[in-house]
Amino acid sequence: INNPDNLTEELLEGYVMAYSDQVAIGGENIIVRANAKPEDKVAIITLGGSGHEPALSGFVGEGMLDCSVVGDIFAAPGAQRVFQALQMFKREAGILLVVLNHSGDIMSANMACQLAERVGIKVKSIITHDDISAGLDAPDESRRWLAGCVRFIKAVGAAAYEGKPLDEILQIGERMHAKIA
């Protein structure tokens with residue numbers, strides 16, 4: 001740690017230096033694939049605070065995420081940064097925004113999706129609710145989706161990579177989400 005004020009930025013810079021063949025910096029605290037997927041395929045984006053590495057930016061890559069919007073340590077990125085990422089990935093095929101069940105992530109995602117819809121960006125979001133530590137009887141709102149997110153991201157990412165339409169990818173994600181407790 002060179003300077004605590006630059007921790008997230010330096011973390012991401014180091015990550016990109018180590019894996020420059022896989023990922024790149026797409027904007028302030030935005031990690032994207034180094035080799036973009038064709039625009040006729042649905043983009044898969046997520047958001048969340050740093051401090052859980054390799055999650056979530058470590059899941060950016062072929063057949064997985066196209067973009068990870070990163071907040072500071074254990075803090076959600078702001079809605080404007082998420083909106084910036086949605087603008088970067090605007091495409092006719094649409095965007096699936098995967099949102100882990102953290103209140104700040106949900107708030108930022110909801111605000112960014114509202115902004116995106118106003119400017120004609122085709123985006124759908126899914127809020128995930130699985131957390132093995134919460135117990136099987138825990139209500140959805142207490143589940144943070146830390147245990148199942150890798151498999152979920154792989155499933156929706158693979159469906160997008162195959163060229164499935166946004167509504168079908170959303171249905172795949174919803175079915176998978178319903179099966180993970």
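Which residues are buried in helix H2 (residues 79-88)? In this predicted model, the buried residues of helix H2 are Ala79, Arg81, Val82, Phe83, Ala85 and Leu86. Several elements take part in covering these residues, including the strands S2, S3, S4 (67-73), S5 (95-100) and S6 (123-128), together with helix H3 (103-118).

Within H1, the residues Thr8, Leu12 and Val16 are buried. Viewed down the axis of H1, these buried residues fall within an arc of 65°, and therefore they line one face of the helix. The face turned away from this buried side carries Met17 and Ala18, which are exposed. On the buried side, the residues of H1 pack against strand S1 (23-27) and against S2, S3 and S4.

Lys41 is located in the loop that joins strand S2 (30-33) and strand S3 (43-50). Is this lysine, Lys41, buried or exposed? Lys41 is buried, and yet it has no salt bridge. A salt bridge requires a side-chain nitrogen of Lys or Arg within 4 Å of a carboxyl oxygen of Asp or Glu. For Lys41, the nearest side chain of opposite charge belongs to Asp40, and it is 5.7 Å away. Leaving aside residues up to four places away in sequence, Lys41 touches Arg91, Ala93, Ala160, Tyr161 and Gly163.

Notes
Residues are numbered from 1 along each chain as its sequence is written. This is a predicted model: local features need pLDDT of at least 70, side-chain atom pairs count only at pLDDT 80 or more; totals for chains, interfaces and linings use all residues. Side-chain values use heavy atoms; hydrogens and water are left out. Helices (H or I, at least four residues) and strands (E, at least two) are DSSP runs, numbered from the N terminus. Buried means under 20% relative accessible area, exposed over 50%, partly exposed in between (1.4 Å probe, protein chains only). Lys and Arg count as positive and Asp and Glu as negative; His and the chain ends are not counted. Contact means heavy atoms within 4.5 Å. The arc is that of the directions from the helix axis to the C-beta atoms.
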